[in-house]
Amino acid sequence: MTDITRRNFLGSLGLISAGTLITGCGEQADAKQKSKQDEAAMPADLKWDKAPCRYCGTGCGVEVGVDPQGKVRAVRGDEKNPVNRGLLCAKGYHLPGLLYGADRLTKPQLRQRDGSLKNISWDEAYDLIARKYKEAIAQHGVESVGIYGSGQWTVYDGYAATKWFRGGLKSNNVEPNARLCMASAVMGFMTQFGSDEPMGCYEDFEAGDDFILWGNNMAEMHPVLYSRILESRRRRPSVRIVDIATRRTPTSDLADVYVEIRPGSDLALANGILHLILKKGKVDASFVAENVAFMRGVEDLAEIGYGAFGDQAEHYGFKDKGRPSSLEELKTFLDDYTPEKVAAITGVPVQQIELLGDMYGDPQKGTVSLWCMGVNQHVRGTWMNNLITDLHLITGKICKPGSNPFSLTGQPSACGTAREVGTLCNRLPADMLVNVPEHRAKAEEIWGLEPGTIPEKPGFHTVDMFRALVRGDLKVMWVQTTNPWVSMPNLNRWKRNFDDGRFVIVSDIYPTPSTEAADLVLPSAAWIEREGIFGNTERRTQHWNKMIDPPGEAQEDAWQIVQVAKRMGMGHLFPWPENDWHRPMYEEYRRFTLGNGKDLASYEQLKQERGMLWPVVDGKETRYRYAAGFDPYVKKKSGAHFYKAKKTEEKAAFWLRPYHPPAESPDAEYPFWLCTGRVLEHWHTGSMTRRTPQLHQAAPAAYVELNSVDAAEMGIGNGGRVKVSSRRGEVVLEAKIDGRGRPPRGTVFIPFFDENRLVNRLTLDAMCCISKEPDFKKCAVRIERA
Amino acid sequence: MTRFSILLLALLALAACGRPAIEGGADEERAEAKSAAETRAARRAYDGAPPVIPHLDFNLDCVECHGSQGVEVAGVGFSPPSPHDATSGLSDQARCRQCHLWRNTAEEFRENLFVGLRQDLRHGRRLHGLAPPVIPHQVFMRENCHACHDGKAAREAIRCSHPERLRCTQCHLEQRSTTTFP
């Protein structure tokens, strides 16, 4: 740019009013904001305390500034927290907004015959819930009641729920929305290591050389972690980032290589990389001989299905059956995955497949694979988790700083609560399962219950739980810290009518489509309005203190559960003083974790530290699990020891997994692929972030991203109204062309944060055959001008 | 429209929205300072929050105007430099919009009652009259002191008298707050 150009241009600008160039909304928003500054506090008046961010699974540390009147006035990135080292993202910086929406729920409300909600007292609410649970169990058995929470349940909430349900009601119908989010990763780690959660930690971002992202828009979904990788590359230009994705995103814009892949064909690509590793002799033979056991499961597509068609549309109970396999069998198996064959399935050029083979196969380079919803929300999500980890096992690139398969989570305590406390329908705390007698016995012992109290049969997984609710097999359901009437797939299937004889309780902090579907709405305390513990993606357990009072009569979720349990004669489950129950509840929970490689830090240490990576032994955290020199459970001098993998003689299981096509693919009637997901500004269903003005103003409504050529062919312009329909429903939204996300031809993307434009009316409730996690990323739709 | 002209339109827009008229005199100066503080506050959820982007999307890299020096065009205005030091911490100029948001609407989804922290415009505290004032804000992501305390973007109240001395934190210490977590 030259000064001459500038001056010439300025000269010609004299007649133009500068004001016309600024956005009108900028000035209007400025004016609105001004009135809110008048009574603001000064910095020196604030009291600061630490907390993990309320939003995603990254677990950034923030410090929260509270004024003398007990109002939050500011947050700042916590420079002492090793997760984010002071940096936050737009959501993190705007955390206070989630607390102060004018429509916070402040009183329990009961649905009336005319459909309206009427305030009732907590006593009335608790008595009513207790009565509804008792009646349903008496008339229809323990399988007729359920509780559905989330990865936003604190450790306390999830622990109260699982103990009440399994130990009190004797029902395993406890589920978290983490089933929609992380279940495939859980089953990936469980089938391979006999223990959930990654071996690496965020220090991998500074130690690694090659970062391979599998269907993972980190720049928007884990922005602070992507910043760490970008910073790593800035300091070490040899660092490479490969983005394997079904559309271009802000992540692709900053990657070294963008690998565009057809939806669902990642299974073939991973097998193609394995094929090249074997063909080029890049197998780490000594690591494999010492640490890897080959396994093979059921592969017959007709037997497995997708959980959405025929009988499986009501109940999906497919169980995999493993048998030992071998490296020789793997070689034969991979004959089907030559680069040419894989290119034909995936649409990825042979050169790129070979590049990936070389990257994974290079023993000199530390390789970190990263994935989140693209791999997990997948009809073969567990298989895909297995395959990514297989790439690391076969090359020995695991349990080393800078070389690990690293599954990222979406929710702040998907790991800490859903996975570690074990609020999935088949799990108990610390990797234990309800269908293993010794595990039930251990839980009964810690909980002081009669042997045989905890039922053996797993409860409903999430999709089957909602199917049972619609069918009438589930009579009472309590929903906490989640918004399923926005986030469930195939939403039109779960529409409620209040005369259906079910009783749905929803605890939340704001009115949502889920509270609109509830018979009883309970006001919950949010985030720092109560004491809490979250566990993040890298096994870091983080504690925070209660800093302010919740509004009105709002109560924390765990407290609500305990009150109902007491009214049902189950007070013995929660024998702690009502003014001091957090510490003893945590200490009881911690007993599950000690001595088995899941050891959590003491309560005192958690209060002090910016989180601790488990296992914490003798007060010291573990950065790399299963790794000699890092993990105190590993007694070897060097290398790795998968001491939790009891089913495969303490070796990690390498699973042979084939390519299967998606459940529904485009055809003449519905010719486009639909992918759904998140955006930087909004967190999941948007009930908190949309109430934060700055976040809403940046992303006020959901839209449909179209390929520019497709759009031109259909005569659709940027901002034009578009009707998107599938076999299950339709939604009308604005088109976005060449925005932050650019889908390839034949593909569209719609974010799911907008309760006024529900993309999940279109999605299909097909699931991963092992984890039962729905596939929100692939179904067929039609696009029309609206 | 060319890229260059878009840049200039951006600058003009900035000038129009951020700078009230200055006629001279103490009262006017105070009024200007107050108005600037209000404009600044209106673009942040609280003091310390990343400001939203007050102008249209000109499809330029942010650093083209908001680099380490900022850009001035005579008679039009000044786009302030970034206070972030790309050589320290985790800042990466390529991801500005990870924290700085567009305003695509003035509407709220639902009313929000949050009242943010106000900027403390008083002079930083000193041990005694000749001691250097402490830094009353977080230095992280504000490593480039000159962005706000020197040059065109510096308001008189916080303008540095000795910008030629480059090691600011040698004398000015960061005061996080009167109370901090241990």
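Mentor: Start with strands β8 (residues 210-214) and β9 (residues 240-245) of chain A. This is a predicted model. Five bridges join the two strands, and they run parallel.

Trainee: Which residue stands opposite A:Leu213 in β9(A)?

Mentor: That is A:Asp243.

Trainee: What is the strand order in the open sheet?

Mentor: The order is β10-β9-β8-β13-β14 in chain A, five strands with parallel pairing. At the edges sit β10 (257-260) and β14 (404-407) of chain A, each pairing on one side only.

Trainee: What does the twist average from one strand to the next?

Mentor: 15°.

Trainee: And which strands does α18(A) touch?

Mentor: Helix α18(A) packs on the sheet and touches β8, β13 (367-371) and β14 of chain A. The direction of α18(A) makes about 175° with that of β13(A).

Trainee: Switching to helices. At what angle do α11 and α18 of chain A pack?

Mentor: About 15°, with the axes 9 Å apart. Here α11 covers residues 266-279 and α18 covers residues 381-394. That angle makes α11(A) roughly parallel to α18(A), since angles under 35 degrees count that way.

Trainee: Is the crossing of α11(A) and α18(A) left-handed or right-handed?

Mentor: Left-handed.

Trainee: Which residues make the contact?

Mentor: From α11(A), they include A:Leu267, A:Ala270, A:Ile273, A:Leu274 and A:Ile277. From α18(A), A:Trp383, A:Met384, A:Leu387 and A:Leu391 are among them.

Trainee: How many are nonpolar, polar and charged by class?

Mentor: The contact of α11(A) with α18(A) has eleven nonpolar residues, one polar and two charged.

Technical notes:
Residues are numbered from 1 along each chain as its sequence is written. Chains are lettered from A and ligands numbered from 1 in the order in which they are written. This is a predicted model: local features need pLDDT of at least 70, side-chain atom pairs count only at pLDDT 80 or more; totals for chains, interfaces and linings use all residues. Side-chain values use heavy atoms; hydrogens and water are left out. Axes are lines fitted to C-alpha atoms, for helices over the stretch in contact, and angles run from 0 to 180 degrees between N-to-C directions. Helices (H or I, at least four residues) and strands (E, at least two) are DSSP runs, numbered from the N terminus. Angles under 35 degrees count as roughly parallel, over 145 as roughly antiparallel, 65 to 115 as roughly perpendicular and the rest as oblique. A crossing is left-handed if the near helix is turned anticlockwise from the far one by less than a right angle, and right-handed if clockwise. Contact means heavy atoms within 4.5 Å. Ala, Val, Leu, Ile, Met, Phe, Trp, Tyr, Cys and Pro count as nonpolar, Asp, Glu, Lys and Arg as charged, and the others, Gly among them, as polar. Two strands pair if DSSP finds at least two bridges between them.
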